[in-house]
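Let's take a walk through this model together. Have the structure open and follow along as we go from one spot to the next.

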Amino acid sequence: MNSSSIVQKLWNYCNVLRDDGMSYGDYPSTSLSAGSEQLTYLLFLKMADERSRPPYNQASPVLAGYDWPGLVKKDGDELFDHYRHTLEELGKQKGLLGLIFTKSQNKFQDPAKLRRLIVDLIDKETWVSMSADVKGDAYEGLLEKNAQDTKSGAGQYLTPRPSSSWSAPCPA
């Protein structure tokens with residue numbers, strides 16, 4: 001899959017999140033501390049699961065039951081509650097995993113939208129097989145698409161505002 005098709009797929013994911021009342025800062029922010037990043041958390045869980053399968057066969061850093069298969073097999077309120085518990089439990093873990101999920105929260109309001117994002121969108125791709133360049137291009141494309149989306153107001157995040165307190169340097 002090429003970068004532009006991945007960007008479109010990610011943008012479709014963002015539309016699902018936006019339909020559930022989440023703002024731009026809730027999904028593909030540039031900082032993990034900037035808020036609950038639902039798309040990032042879900043993609044992390046999916047890729048951890050992919051790396052645990054052939055040909056990678058790596059041990060998953062995610063606890064069994066709180067992993068991707070644990071999410072995919074649930075539906076409705078059961079999925080909604082399980083996702084919340086997954087984020088909480090992973091945030092309690094030591095090391096990098098705990099750091100990634102610290103203070104993470106379920107920002108979804110509609111269990112059907114969470115299910116759609118997991119099963120219909122994210123689960124249909126094999127993410128680890130994409131090159132780092134494709135993933136980087138996709139992320140940059142997603143930021144660019146958001147900047148072009150006049151409804152989101154993203155320009156305020158990407159365009160510095162002039163400061164009224166600016167003054168010329170003093171001569172020596």
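This is a predicted model: local features need pLDDT of at least 70, side-chain atom pairs count only at pLDDT 80 or more; totals for chains, interfaces and linings use all residues.

To place Ser 104 in the chain, look at the loop that links α5 (95-101) to α6. Follow the chain onward to where α6 starts, and you'll find Asp 110, with a side-chain oxygen within 2.9 Å of the backbone nitrogen of Ala 112.

Now for helix α6 itself, which spans residues 111-121. Which of its residues are buried? They are Pro 111, Leu 114, Leu 117, Ile 118, Val 119 and Leu 121. In an α-helix, one turn takes 3.6 residues, so residues three or four places apart point the same way. The cover over the buried residues of α6 includes α1 (3-19), α2 (38-51), α3 (68-72) and α4 (76-91).

How confident is the predictor in all this? The protein chain has an average pLDDT of 78, and 73% of the residues score at least 70. Among the elements, α4 has the highest mean pLDDT, at 97, while helix α8 (residues 155-158) has the lowest, at 46. Residues 25-36 have pLDDT below 50, yet this stretch has 32 contacts in the model beyond near neighbours in sequence. Residues 163-172 also stay under 50, with zero contacts beyond four places in sequence.

How values were computed
Residues are numbered from 1 along each chain as its sequence is written. Side-chain values use heavy atoms; hydrogens and water are left out. Buried means under 20% relative accessible area, exposed over 50%, partly exposed in between (1.4 Å probe, protein chains only). Helices (H or I, at least four residues) and strands (E, at least two) are DSSP runs, numbered from the N terminus. Contact means heavy atoms within 4.5 Å. A polar contact is a pair of N or O atoms within 3.5 Å; within protein, one must be able to donate a hydrogen and the other to accept it, and residues adjacent in sequence count only if both atoms are side-chain atoms. pLDDT is the predictor's confidence in each residue, from 0 to 100.
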